[in-house]
Amino acid sequence: MAAGDQKLYLLDYGAGNVRSLLNAVEKLGHRIEYIKTVEDFAKADKIIFPGVGAFGYAMRALKSSGFAEPLKAYIASGRPLMGICVGMQVLFEGSDESPSEPGLGIFEGRVELFDKKLKSVPHMGWNAAQVVHQENVLTSAVPEIGEDSRYYFVHSYAVPYTGVGAQRGYVHSATRYVDQAVVSSVWSRNVFATQFHPEKSGAAGLALLQSFIERDLVRPPSSAGELRTPEDVDSALTVRVIACLDVRANDQGDLVVTKGDQYDVRESADMGGDVRNLGKPVDLAKRYYDEGADEIAFLNITSFRNLPFRDTPMLEVLRQASRSIFVPLTIGGGVRDSVDPDGEHVWPAVQVAGEYFRSGADKVSIGSDAVYAAERYWQRKAEGQVPLDGSTAIEQIAERYGRQAVVISVDPRRVYVNTPEDASGHHVIRTAFPGPNGEQYCWYQCTVKGGREGRDTDVRQLVMACEALGAGEILLNCMDKDGTNSGYDIELISDTKAAVSIPVIASSGAGKPEHFAEVVEQTAVEAVLAAGIFHRREVPIAAVKSYMQEQGISIRSTEDGIVFP
C-alpha cells in the first residue's frame with residue numbers, strides 16, 4: 001500500500017506531549033489521526049504509540065480506556081505498530097516501576113531501574129542506538145537507524161540487554177549508558193519500537209519515523225541470529241548544549257526574548273530603560289535548532305501574572321516552535337497551583353503542566369514553588385511526619401508525566417561568612433574566591449520571585465529535597481555569575497553535582513567556548529546552557545561544540561541538528 005493511501009493512527013492515552021509527534025508526521029508530508037474509540041483499531045493500517053511517564057499509569061490508562069485488548073488484537077493481526085519510550089516498555093511483561101501492574105506481554109523480559117551508583121538517573125540526553133544484528137541477517141526494508149547518529153533518550157527504567165535467549169528474536173538495537181547496556185529498540189514481525197524519542201531526535205529521528213511510515217517493515221522470524229555481546233555496545237552519550245530564551249512582555253505588550261545582567265533585563269536609563277529586546281522567541285528558537293542546539297528552554301520570566309491558561313501568546317509560542325523544532329523543549333514560569341481571577345476555581349499545577357505539554361513542551365521548569373516545596377519537605381521531616389504526601393507540584397507532575405518531565409530551576413546567590421558557624425544550619429563551602437571583606441567561606445542562598453527575595457534555604461537543601469520529591473533534573477543558575485561572561489561557578493556546580501544523582505545543567509556566566517569545556521571537565525555535568533552569547537552571536541553554538549570536541553568531549557555533531565528537508 002502506498003504511504004499516501006494508508007490510514008495512520010496515533011494511540012494517545014494522555015501521556016503528555018504528543019503534539020511534537022503530530023508535527024513530525026506532518027513535516028514528513030503525512031496525515032495522522034487519533035484513535036478515539038475501540039472501533040478505530042480496525043480502521044488503522046499503521047499505529048504509532050508514544051508514551052512518557054510511569055509504566056503503571058500507562059497500563060492503567062490503556063485498560064480504563066478499553067484499549068489494551070484491542071491493541072493486542074491489532075498486533076496479532078499483523079498490521080504495523082511503532083511504540084515510543086513507555087510505548088515500548090509496556091510491550092514487555094512488566095516493570096519494576098510498577099511491580100503489580102502487568103504489561104502487554106508481547107516480548108519476554110522486564111523493565112528495570114537503572115543502577116545509580118556510577119551515573120545520574122534518568123538517562124537523559126543524546127546517545128547512539130547500535131544495531132546488534134550480524135550482517136546479512138535482515139531484509140532490505142529496515143528501520144532507518146544510523147550508527148553515527150545520536151537519538152534523544154530520557155528514561156529511568158530500561159530493559160537490560162543480554163543479547164541471548166529470547167532477545168535474539170526481537171532486539172534490534174542496544175545502547176550503553178556508562179556501565180549498563182540496555183535495549184534501545186525492538187523489531188519482531190510487525191512490531192517496531194524505540195526507547196528513545198525519534199520525534200525529538202532532529203533529522204535522524206525524522207528519518208527513522210519516515211522509514212516506519214513509508215516502508216513495509218516486517219522482520220521475518222528466520223532473521224533471528226547471533227547478536228553483539230553487551231561488551232561490544234560502545235558508550236556514546238554526548239554532553240548537551242542548551243540554548244535558553246528568557247521570554248517576557250515588553251512595555252508595548254509584545255513577547256520578546258530578553259537577557260539580564262544579574263537578572264536586570266532593562267536597558268540603562270540613558271538607553272531609555274526599556275526591556276532589552278533580543279528578538280522574537282519562535283524565530284530565535286528555530287535559528288538555534290538549525291545551528292545544532294540539543295535542547296531549547298523557554299523561561300517565561302513574567303511568570304503568568306494571573307492564570308497560565310490565559311497567557312495564550314506564550315502557549316502559542318510553544319505551539320509554533322514545536323511545528324519546526326524537533327529537539328526537546330522546556331518551558332518555565334507559572335508552574336504552580338493557580339487561582340482563577342474570580343477566586344472561585346483553583347487550577348492544580350499538574351493541570352497547568354498538562355497545558356504546557358499539550359502545547360508542545362517536553363519538560364516543565366519549576367522555580368519558586370520548588371523552594372517552597374523543599375522548605376515544607378524539611379519541616380515535615382523535622383516534625384517526624386512523612387515528607388512525601390503527594391501534595392506538591394513536583395510529586396503530582398512526576399507521578400502523571402514522569403520524573404524526567406520535571407526540571408528544578410535554581411536561582412542562588414552567594415552569602416559570604418567568616419566561619420561555617422556563622423551560617424548555622426546551612427551547607428557552607430570554603431571558597432577560592434574570598435568575599436568583599438576577605439571572607440573565606442560562603443553558602444548559596446536560594447531565592448524566589450525572580451531573585452527578588454532570599455530564603456533561609458541553601459542550594460543543597462533544595463536539590464536534595466526536590467530529588468526526593470520526584471524531580472528529574474536540576475537547572476543550576478547563579479545570580480552572581482549571570483551576564484558576567486566570566487565562566488560558570490565551578491564551586492557551586494561541583495558541590496551540587498555531588499549532592500544529587502539526577503542530571504545537572506550548568507547555567508550562568510559562559511562567555512567563550514573554553515568555559516563550556518571547563519565546566520564539563522571539572523564537574524562532569526550532563527549539560528551546559530547559555531543565553532545572551534548565543535542571542536547576540538558572540539559565540540555560535542557550532543563554535544562551542546567544535547571546541548568541546550577538540551577537548552575530547554563527546555557532542556552531537558552540528559550537522560545532526562539541521563532541519564529535515
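Author: We may begin with serine 185, which is found in strand S12 (residues 180-188). The model is a predicted one.

Reader: Why is serine 185 called buried?

Author: The term applies under 20% relative accessible area. Serine 185 has a relative accessible area of 0%, and is therefore buried.

Reader: What makes the pairing of serine 185 and serine 173 a polar contact?

Author: A pair of N or O atoms must lie within 3.5 Å. The side chains of serine 185 and serine 173 are joined at 2.6 Å, a polar contact. Leaving aside neighbours within four places in sequence, serine 185 is in contact with Met88, Ile145, Tyr170, Val171, His172, Ser173, Phe192, Ala193 and Thr194.

Reader: Let us turn to the charged pairs. Why is the pairing of arginine 240 and glutamate 473 called a salt bridge?

Author: The criterion is a side-chain nitrogen of Lys or Arg within 4 Å of a carboxyl oxygen of Asp or Glu. For the side chains of arginine 240 and glutamate 473 the N to O value is 2.8 Å, and the pair is a salt bridge. The two residues belong to distant parts of the chain, 233 residues apart: arginine 240 is in strand S14 (residues 240-249) and glutamate 473 in strand S26 (residues 473-476).

Reader: Are arginine 240 and glutamate 473 buried or exposed?

Author: Arginine 240 has 0% relative accessibility and so counts as buried. Glutamate 473, also at 0%, is buried as well.

Reader: What makes arginine 537 and glutamate 291 a salt bridge?

Author: The limit is 4 Å. The closest N and O atoms of arginine 537 and glutamate 291 are 3.5 Å apart, and a salt bridge is assigned. Arginine 537 lies in the loop between helix H15 (532-535) and helix H16 (541-550), and glutamate 291 in helix H7 (residues 281-291), so the pair ties together parts that are 246 residues apart in sequence.

Reader: How do you know whether arginine 537 is buried or exposed?

Author: Exposed means over 50% relative accessible area. Arginine 537 has 53% and is therefore exposed.

Reader: How many salt bridges does a search of the whole structure find?

Author: The search finds 33 salt bridges.

Reader: What makes helix H3 (residues 55-64) largely enclosed?

Author: Seven of the ten residues of H3 are buried, so the helix is largely enclosed by the rest of the structure. The buried residues are Phe55, Gly56, Tyr57, Ala58, Met59, Ala61 and Leu62. Their cover includes strand S3 (46-51), helix H4 (68-76), helix H5 (86-89), strand S5 (94-95) and helix H11 (393-401). Just after H3, glycine 66 takes a positive phi of about 80°.

Reader: How do you know which residues make the contact between helix H13 (residues 490-499) and helix H14 (residues 513-523)?

Author: Contact requires heavy atoms within 4.5 Å. The contact is made by Ile490, Ile493, Ser494 and Lys497 of H13 and Glu518, Val519, Gln522 and Thr523 of H14. By class, three are nonpolar, three polar and two charged. The axes of H13 and H14 are 10 Å apart, at an angle of about 35°, and the crossing is right-handed.

Reader: What describes the crossing of helix H12 (residues 459-469) and H13?

Author: The axes of H12 and H13 come within 9 Å and cross at roughly 35°; this crossing is right-handed. Val459, Arg460, Val463, Met464 and Glu467 in H12 meet Leu492, Asp495, Thr496, Ala498 and Ala499 in H13. The classes in this contact are six nonpolar, one polar and three charged residues.

Notes. Residues numbered from 1 in each chain as written. Predicted model: local features only at pLDDT ≥ 70, side-chain atom pairs only at ≥ 80, totals over all residues. Heavy atoms only, no water. Helix = DSSP H or I, 4+ residues; strand = E, 2+ residues; numbered from the N terminus. Buried < 20%, exposed > 50% of the residue type's maximum accessible area, 1.4 Å probe, protein only. Axes fitted to C-alpha atoms, helices over the stretch in contact; angles between N-to-C directions. Left-handed = near helix turned anticlockwise from the far one by under 90°. Nonpolar A, V, L, I, M, F, W, Y, C, P; charged D, E, K, R; others polar. Polar contact = N/O pair within 3.5 Å; in protein donor to acceptor, adjacent residues only side chain to side chain.
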